[in-house]
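Q: I would like to go through this structure step by step. Could we begin with the core once the structure is on display?

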Amino acid sequence: VRIAIDMDGVIADVYAGIATADALGEAMREPGFFSGLKPIDGSLRGVRELAQKHDVVVVSSAMYVSHALAEKHVWLATYLPWLGPDRIVFCGKKRVVAADVLIDDSLYQLEEFPGHGILFASPLNANDAWPHRVEGWAQLTLELSAYAVR
Ligand SMILES: [Mg+2]
């Protein structure tokens, strides 16, 4: 099973000190924002666990501000150095990614994705309705460990 995992809001914590989508949009425009992010609890171990059983790619929308691309690249090399270039996809929208499952905290990415979408809980999507939602990495790895081995 190929599993595409979103970076912002699923692996990297973009919501520390952020209360609204507008505030997040503004913060992202500051160079240094993406480099300074902390990993979300359990995410680094979780990505590794999933990668032991599945074909995992980290997929990030990184084309909207120019510093995002380089900062995200360095961030992944720092926090997930074993991942390697074959497992990183930087793109505009994720609908172009060929994967069976997409884990994302943004509803619009899931709505356009042709495979199975899992909404990862974040402070800004608490009121979004989606058939498959997980509250964090513990639940996510538990559920996905039941999927068929690739
Ligand atoms: Mg996200």
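A: This is a predicted model. Its largest nonpolar core has 34 residues, and those with the most contacts inside this core are I5, I11, I103, W137 and L140.

Q: Which elements give two or more residues to this core?
A: They are the strands β1 (2-6), β4, β6 (101-104) and β7 (116-120), together with the helices α1, α2 (43-53), α3 and α5 (137-144).

Q: And what is in the second, separate core?
A: That core has ten residues, and A4, V57, V97 and A99 are among them.

Q: Why would such residues gather in this way?
A: In soluble globular proteins, nonpolar side chains tend to be buried together.

Q: Back to I103: what is it in contact with, leaving aside neighbours within four places in sequence?
A: I103 is in contact with I3, A4, I5, D6 and V10, and also with L50, I118, F120, L140 and L144.

Q: New topic. Where does M7 lie, and is it buried or exposed?
A: M7 lies in the loop between β1 and β2 (12-13). M7 has a relative accessible area of 1%, and the cut-off for buried is under 20%, so M7 counts as buried.

Q: What does M7 touch?
A: Not counting residues up to four places away in sequence, M7 touches A12, V58, V59, S60, K72, W75, L76 and F90.

Q: What about N125: where is it found, and is it buried or exposed?
A: N125 is found in the loop between β7 and β8 (133-134). With a relative accessible area of 1%, N125 is buried.

Q: What does its side chain reach, and what does N125 touch?
A: The side chain of N125 reaches the backbone oxygen of F120 at 2.8 Å. Not counting residues up to four places away in sequence, N125 touches D105, L119, F120 and R133.

Q: Let us turn to helix α2. Are R45 and Q52 buried or exposed?
A: R45 lies in helix α2 and is exposed, with a relative accessible area of 62%. Q52 also has its place in helix α2, and Q52 is exposed, at 59%.

Q: How far apart are R45 and W75, and Q52 and S145?
A: From C-alpha to C-alpha, R45 and W75 are 15 Å apart in space and 30 residues apart in sequence. For Q52 and S145, the values are 9.9 Å in space and 93 residues in sequence.

Q: Last topic, the largest pocket: what is its volume, and how many residues line it?
A: The largest pocket has a volume of about 570 Å³. It is lined by 27 residues, of which D8, L24, M28, S106 and Y108 lie nearest its centre.

Q: Which elements give two or more residues to the lining, and which gives the most?
A: They are α1 (21-28), β4 (55-61), α3 (66-79) and α4 (107-112). Helix α1 gives the most, with four residues.

Q: How do the lining residues divide?
A: There are 13 nonpolar, six polar and eight charged residues in the lining of the largest pocket.

Conventions
Residues are numbered from 1 along each chain as its sequence is written. This is a predicted model: local features need pLDDT of at least 70, side-chain atom pairs count only at pLDDT 80 or more; totals for chains, interfaces and linings use all residues. Side-chain values use heavy atoms; hydrogens and water are left out. On a 1 Å grid over the protein atoms alone, a cavity is a set of points where a 1.4 Å probe fits but cannot get out, and a pocket is an open set with protein on both sides within 12 Å along at least five of seven lines; lining residues have an atom within 4 Å of a point. Grid points are joined across faces, edges and corners, and a volume is the space filled by probe spheres set on the points. Ala, Val, Leu, Ile, Met, Phe, Trp, Tyr, Cys and Pro count as nonpolar, Asp, Glu, Lys and Arg as charged, and the others, Gly among them, as polar. A nonpolar core is a set of buried Ala, Val, Leu, Ile, Met, Phe, Trp, Tyr and Cys residues joined through side-chain atoms within 4.5 Å. Buried means under 20% relative accessible area, exposed over 50%, partly exposed in between (1.4 Å probe, protein chains only). Contact means heavy atoms within 4.5 Å. A polar contact is a pair of N or O atoms within 3.5 Å; within protein, one must be able to donate a hydrogen and the other to accept it, and residues adjacent in sequence count only if both atoms are side-chain atoms.
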